[in-house]
Amino acid sequence: MTLIIADIINSILQALVFIILPNYCVKDKYKNKSGSVILAVILVWLGLQIVMKFLGNSSISIIMSHLVPFVIVLMFYRRDKISVTISYSILYLVGGLSALISSKLYWAFIQPMLPKVYTELGLVVFIYGINYILFLLILMNKKIFYKLYRVIKSRNISIIFLVLLTVLLDLLLSFDKIVNWSDDPMYRGYVFTIIVLAFVGATLYFASIEKRSREIRNLNDALEERIKELNKIKHDYGAQIS
C-alpha cells in the first residue's frame, strides 16, 4: 500500500513537470491557459496510471511511460513541436538518470544494510524521496531550467541526438529489467522488437521535424539577407534623391 501511494504521488509530480515546464518553454503565442494546463496534467497522470495498471513495473512499461506522456504533451503543443521535444527530452533524461542512479545505489549499498522489514520504507525514502525532491526543485526553479533549455537550443544540438539519448536511457532501464526479471527468450525478443521499432520510429519522426526546422531557419536567414539588401537600396535611393 505504501508503494502504491508513493507511486501515485510520483506520477502526479511527473505529470506536473511534463506539462508546466514545456508550457514555460514554448513561444508565448503557443502557451496554454491554466484550464488547458490542468487538463493536460490530468491526462498525463491518467496515462501514467493506465500504463502502470496494465503493464506493471515491466520493461515495456518503461517505454510506454516515456511515449504516452510525450504524445499527450505534443497534442497540447503541436504548433511548437521543437520546443516541446527539447524540453520534454531534458526532463525525461534528468528524471530517468536520477531514478536509475538512485535505484542502483539503493540496491547495491543501502538495502543490504537495512532489516527486511524496512525494505519498503527504504524504497520510499531513498528512491521515491529523491525523485520528489528533484521534481519539486525543477518546478520551483523554472527560470533556471529555461536557461538550460535556451543554452541547448541555441547551441544547435541535434534534436535527434537528444531524443536518441532518451531512447538509450529506455534501453538501459529495460535491459536491466529483462536481465533481472525474465528468462523467457520469447518475452525478451518481444521487448527488444518494441524497442527497435520505437527507436526507428523516433529517429524517422524527429529527422523529419529537424529537416523542416532547418528549412525554416534557412528561409528566415534568406529573408533577413533580402531585407538588408532592400534597406540598403532604399538608403542609396534616398541619398540619390537628396
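Predicted model: local features only at pLDDT ≥ 70, side-chain atom pairs only at ≥ 80, totals over all residues.
Colleague: What share of the residues in the chain is buried?

Modeller: Of the 242 residues in the chain, 38% are buried.

Colleague: And the contacts, what share of them join residues at least 24 apart?

Modeller: Taking contacts between residues at least 6 apart in sequence, 78% join residues at least 24 apart.

Colleague: On to the core. How many residues does the largest nonpolar core have?

Modeller: The largest nonpolar core has 47 residues. V17, I19 and I86 are the ones with the most contacts inside it. In soluble globular proteins, nonpolar side chains tend to be buried together.

Colleague: Which elements give two or more residues to this core?

Modeller: Those elements are helix 1 (2–25), helix 2, helix 3, helix 4 (81–110), helix 5 (119–140), helix 6 (142–154) and helix 7 (159–181). Helix 4 gives the most to this core, namely nine residues.

Colleague: You named I19. What is I19 in contact with, leaving aside its neighbours in sequence?

Modeller: Beyond neighbours within four places in sequence, I19 contacts V37, A40, V41, V44, V73 and Y77.

Colleague: Let's do helix pairs. At what angle do helix 2 and helix 3 pack?

Modeller: Helix 2 (residues 34–55) and helix 3 (residues 59–76) pack at about 160°, and their axes are 9 Å apart. That angle makes helix 2 roughly antiparallel to helix 3, because angles over 145 degrees count that way. Helix 2 passes helix 3 in a right-handed crossing.

Colleague: Which residues make the contact?

Modeller: From helix 2 there are S36, L39, A40, L43, V44, G47, L48, V51 and L55. Helix 3 brings I60, S61, M64, S65, V68, P69, I72 and F76. By class, the contact of helix 2 with helix 3 has 13 nonpolar, four polar and no charged residues.

Colleague: What about helix 1 and helix 5, at what angle do they pack?

Modeller: Helix 1 and helix 5 pack at about 15°, with axes 10 Å apart. This makes helix 1 roughly parallel to helix 5, since angles under 35 degrees count as roughly parallel. Helix 1 passes helix 5 in a left-handed crossing.

Colleague: Which residues of helix 1 and helix 5 meet?

Modeller: On the helix 1 side they are T2, L3, A6, D7, I9, N10, L13, Q14, L16, V17, I20 and L21. On the helix 5 side they are E120, L123, V124, Y128, N131, Y132, F135, L136, I138 and L139. The contact of helix 1 with helix 5 has 16 nonpolar, four polar and two charged residues.

Colleague: At what angle does helix 1 pack with helix 4?

Modeller: Helix 1 and helix 4 pack at about 135°, with their axes 9 Å apart. Helix 1 and helix 4 are therefore oblique to each other. The crossing of helix 1 and helix 4 is right-handed.

Colleague: Which residues make that contact?

Modeller: Helix 1 supplies V17, F18, L21, P22 and C25, and helix 4 supplies S83, S87, Y88, L91 and Y92. By class, the contact of helix 1 with helix 4 divides into eight nonpolar, two polar and no charged residues.

Colleague: S87 is in that list. Does S87 count as buried or exposed?

Modeller: S87, found in helix 4, counts as buried because its relative accessibility is 0%, and buried means under 20%. S87 and L21 are 66 residues apart in sequence and 7.2 Å apart in space, C-alpha to C-alpha.

Colleague: Back to helix 1. What is A15 in contact with?

Modeller: A15 lies in helix 1. Leaving aside neighbours within four places in sequence, A15 contacts V41, V44 and W45. A15 counts as buried because its relative accessibility is 0%. A15 and A40 are 25 residues apart in sequence and 8.2 Å apart in space, C-alpha to C-alpha.

Colleague: Last one: why does T119 count as buried?

Modeller: T119, which is found in helix 5, counts as buried because its relative accessibility is 16%, and the cut-off for buried is under 20%. T119 touches Y106, W107 and Q111, not counting residues up to four places away in sequence.

Note on methods
Residues numbered from 1 in each chain as written. Heavy atoms only, no water. Axes fitted to C-alpha atoms, helices over the stretch in contact; angles between N-to-C directions. Helix = DSSP H or I, 4+ residues; strand = E, 2+ residues; numbered from the N terminus. Parallel < 35°, antiparallel > 145°, perpendicular 65-115°, else oblique. Left-handed = near helix turned anticlockwise from the far one by under 90°. Contact = heavy atoms within 4.5 Å. Nonpolar A, V, L, I, M, F, W, Y, C, P; charged D, E, K, R; others polar. Core = buried A, V, L, I, M, F, W, Y, C linked by side-chain atoms within 4.5 Å. Buried < 20%, exposed > 50% of the residue type's maximum accessible area, 1.4 Å probe, protein only.
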